[in-house]
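Visitor: I should like to learn how to read a structural model feature by feature. Could you guide me through one?

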Amino acid sequence: MGLFTELKDSISRVTDRLFSEQEPKRIGIYGPPNAGKTTLANRIARDWTGDAIGTESHVPHETRRARRKENVEIERDGKTVTIDIVDTPGVTTKVDYEEFTDEMEEDDAIRRSREATEGVAEAMHWLREDVDGVVYVLDSAEDPITQVNTMLIGIIESRDLPVLIFANKIDLDESSIKRIEDAFPQHKTIPLSAKEGDNMDEVYDSIAEYFG
Amino acid sequence: MPEATNADDSDSPDSDGVQIDLISGERMDSMATMEKIRMILDGVHDGNIVILEEGLTPDEESRLIEVTMSEISPDEFNGIEIETYPKSETRDSSLLGRIMGNNESETKLTVIGPANQIETLHKDETLISALVSRD
């Protein structure tokens, strides 16, 4: 192959990348507090980039700011899907600082509750303005029919965003995937344990299929 | 235009009772989103239970959560408890369904109260059972 042909092919590849590739889709990880959203975000980020996104905790509202991990490249069947992951604070309609006083001093609990309220408002804003798809994470050991879940799924549907429901924590004895499938039969439910890394192949297949 | 204030705040009872405001869809129809949210939250701040005949749209619910969060204050206001019926399997939420005018999911009776005074006891597709207490 001549130098001119190689140069032409090289320029062609660059222009193809510049003009034909889409921007990575922003996928928001949503759900109630303590569903395992940050554990999932960290699992995905570690598997494909080697870095974590945020701190995990059993105390609700550990994530109080939306955090974005850009250009996460997921490889499936020889193809690469590039997404931005947005780990969002757990959504709720109420925050009582006294919920945290068993775990920390009162001043810290009040500060945590203030930051949590700001984080929920921020998560709602991202949902209205800045995400292209949603992974909705539920704790499969808990009853999924709550007002927050009903409202958030309704909000996501009203915006015509693609959504996958992740039934997390299947490693727990009380886990029930069917309860979640029955609650939201209009959406695909994928069981997983983000903590243990169970069923992550199906998780990545589904992400690539829905958001690629 | 209807006032964006509590239904009867000029005549608040001094008794130990819990005031319940049942707000018709007709009253809500002519109100802007923020007027609805202000009316709901003003009522809830006063310790009232607000019942909306036709509920809120998903976008209004999203903004209600956002405004509620901005008003939470330690020892004063912990937020709201809100209940509507969960979506029924038989309801059509598809784009086609909405174009064809099937908007049942947007007109569901909704109960809203102060988080520290209302507790949901049971909820399914056809029943909401709640316990309302005084402060």
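Predicted model: local features only at pLDDT ≥ 70, side-chain atom pairs only at ≥ 80, totals over all residues.

Visitor: How many helices and strands does chain B have, and which pattern does chain B follow along the sequence?

Guide: Chain B has 4 helices and 6 strands. Read along the sequence, their pattern is β-α-α-β-α-β-α-β-β-β. Among contacts in chain B with a separation of 6 or more, 73% link residues 24 or more positions apart. Of the 135 residues in chain B, 31% are buried.

Visitor: In which sense do strands β5 and β6 of chain B pair?

Guide: In a regular strand, side chains alternate between the two faces of the sheet. Here, β5 (residues 118-123) and β6 (residues 128-132) of chain B pair in the antiparallel sense, over 5 bridges. A hairpin through 4 residues joins β5(B) to β6(B), and B:K123 stands opposite B:I128 in β6(B).

Visitor: What do the buried residues of helix α2 of chain B pack against?

Guide: The buried residues of α2(B) are B:K36, B:I37, B:M39, B:I40, B:L41, B:G43 and B:V44. They pack against β1 (20-23), α1 (25-29), β2 (49-52), α3 (58-71), β3 (80-83) and β4 (110-114) of chain B. The helix, residues 33-45, has 13 residues and reaches 18 Å from its first C-alpha to its last, close to the 18 Å expected at 1.5 Å a residue. After α2(B) comes B:G47, with a positive phi near 85°.

Visitor: Why does the span of helix α6 of chain A agree with what it should be?

Guide: The 12 residues of α6(A), residues 200-211, should span 16 Å at 1.5 Å a residue, and the end C-alpha atoms are 16 Å apart, so the two values agree. In this helix, A:V203, A:I207 and A:F211 are buried. They cover an arc of only 35° around the axis and therefore lie on the same side of α6(A). The face turned away from that buried side carries the exposed residues A:D201 and A:E202. Among the elements covering the buried residues are β1 (25-30), β2 (67-76), β3 (79-87), β4 (133-139) and β6 (189-191) of chain A.

Visitor: Which residues touch the most other members of the largest nonpolar core?

Guide: In soluble globular proteins, nonpolar side chains tend to be buried together. The largest nonpolar core here has 65 residues, of which A:I85, A:Y136, A:I165 and A:F166 touch the most other members. Not counting residues up to four places away in sequence, A:I85 touches several residues, including A:I27, A:I29, A:A41, A:I44 and A:V72.

Visitor: How many residues of chain A are in contact with chain B?

Guide: There are 26 residues of chain A in contact with 26 residues of chain B. On the side of chain A that touches chain B, α3 (106-129) and α4 (147-158) of chain A each supply at least two residues. Of the contributors, α3(A) gives the most, with 9 residues. By class, this side of chain A has 12 nonpolar, 9 polar and 5 charged residues.

Methods. Residues numbered from 1 in each chain as written. Chains lettered and ligands numbered in written order. Pairing = 2+ DSSP bridges. Core = buried A, V, L, I, M, F, W, Y, C linked by C-beta atoms within 7 Å. Buried ≥ 20, exposed ≤ 12 C-beta atoms within 10 Å, placed from the backbone. Contact = placed C-beta atoms within 7 Å. Nonpolar A, V, L, I, M, F, W, Y, C, P; charged D, E, K, R; others polar. Expected span 1.5 Å × (residues − 1). Arc of directions from axis to C-beta.
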